Amino acid sequence: MSDPASSATAARFRAAVETATTTGDLTGFRPLFRPDVRLYSPVSFKPFEGEEMVLGLLGVLVRTFEDFRYIGAFTGEAATSHDRDAPAGPADVLLFRAAVDGKEIHGMDLLHFDEAGLIKEITVMVRPQSAVQALGQAVLRGLVEAGLVPEE
């Protein structure tokens with residue numbers, strides 16, 4: 001079932017990503033997130049939690065991805081990873097393609113929304129495995145350079 005508030009937020013998220021990938025400007029994301037937003041990434045077992053950490057990661061991603069473009073979208077319902085016992089709620093899937101260090105990536109952003117239409121959880125999935133490895137290495141470098149995680 002489509003929810004007008006969440007569908008509008010998904011469209012604004014897509015526009016914010018497209019703007020950020022061309023200009024580096026992340027301000028379009030701020031009004032879309034709950035303060036306790038979580039982002040589940042294919043490169044980390046634990047989620048990135050909170051608006052500042054998620055914005056920091058998105059900043060790294062827009063600098064890391066090459067030729068990022070959305071190629072499709074689906075609207076429906078899904079349960080979040082965090083609220084496993086809660087009923088399914090409004091969710092949108094945005095399909096994308098990009099490259100990292102010359103490796104082609106196919107992926108999707110799964111957006112979960114709260115009752116006000118704000119994004120409460122994002123799950124990013126990518127394939128193939130070689131691209132996941134390249135993305136993981138590039139994101140770790142970017143997170144260290146941005147001071148978001150300590151150098152190992």
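Here are some questions and answers about the fold of this predicted model.

Reader: In what order do the elements of the protein chain run from the N terminus on?
Author: Let's start with the inventory: the protein chain has three helices and six strands. Reading on from the N terminus, these elements run α-β-β-α-β-β-β-β-α.

Reader: And which strands stand at the edges of the sheet, each with a single partner?
Author: The six strands make an open sheet with mixed pairing, ordered β2-β1-β6-β5-β4-β3. A strand with a single partner has one side left without a neighbour in the sheet, so the edges belong to β2 (48-49) and β3 (66-78).

Reader: Which residue in β6 does Leu 111 stand opposite?
Author: Strands β5 (residues 103-113) and β6 (residues 119-127) run antiparallel and are joined by eight bridges. Within β6, the bridge partner of Met 108 is Met 125. As for Leu 111, the residue opposite is Ile 122.

Reader: Which residue in the turn between β5 and β6 has a positive phi?
Author: These two strands form a hairpin, with five residues between them. The positive phi there is about 90°, and it belongs to Gly 117.

Reader: What about the hairpin of β4 and β5: which residue takes a positive phi there?
Author: β4 and β5 run antiparallel too, with 10 bridges joining them; one of the paired residues is Ala 98, whose partner in β5 is Ile 105. The hairpin has two residues between its strands. With a positive phi near 50°, the residue you want is Asp 101.

Reader: What angle does the direction of helix α1 make with that of β3?
Author: Helix α1 (residues 4-23) packs on the sheet and touches β1 (33-40), β3, β4 (89-100), β5 and β6. Its direction and that of β3 make an angle of about 170°.

Reader: At what angle does helix α2 run to β1?
Author: Helix α2 covers residues 51-64 and lies across β1, β2, β3 and β4. Relative to β1, it runs at about 50°.

Reader: What radius of gyration does the protein chain have, next to that of a compact globule?
Author: The C-alpha atoms fill a box of roughly 40 × 30 × 30 Å along the principal axes. For 152 residues, a compact globule would come out near 15 Å, and the chain agrees with that, having 15 Å.

Reader: What share of the residues is buried?
Author: Buried here is under 20% relative accessible area. The chain as a whole exposes about 8000 Å², with carbon and sulfur atoms supplying 54% of it. Of the 152 residues, the buried share is 44%.

Conventions:
Residues numbered from 1 in each chain as written. Predicted model: local features only at pLDDT ≥ 70, side-chain atom pairs only at ≥ 80, totals over all residues. Heavy atoms only, no water. Pairing = 2+ DSSP bridges. Helix = DSSP H or I, 4+ residues; strand = E, 2+ residues; numbered from the N terminus. Contact = heavy atoms within 4.5 Å. Axes fitted to C-alpha atoms, helices over the stretch in contact; angles between N-to-C directions. Rg over C-alpha atoms; globule rule 2.2 N^0.38 Å. Buried < 20%, exposed > 50% of the residue type's maximum accessible area, 1.4 Å probe, protein only. Areas by Shrake-Rupley, 256 points an atom, 1.4 Å probe, with all protein chains shown as cover.
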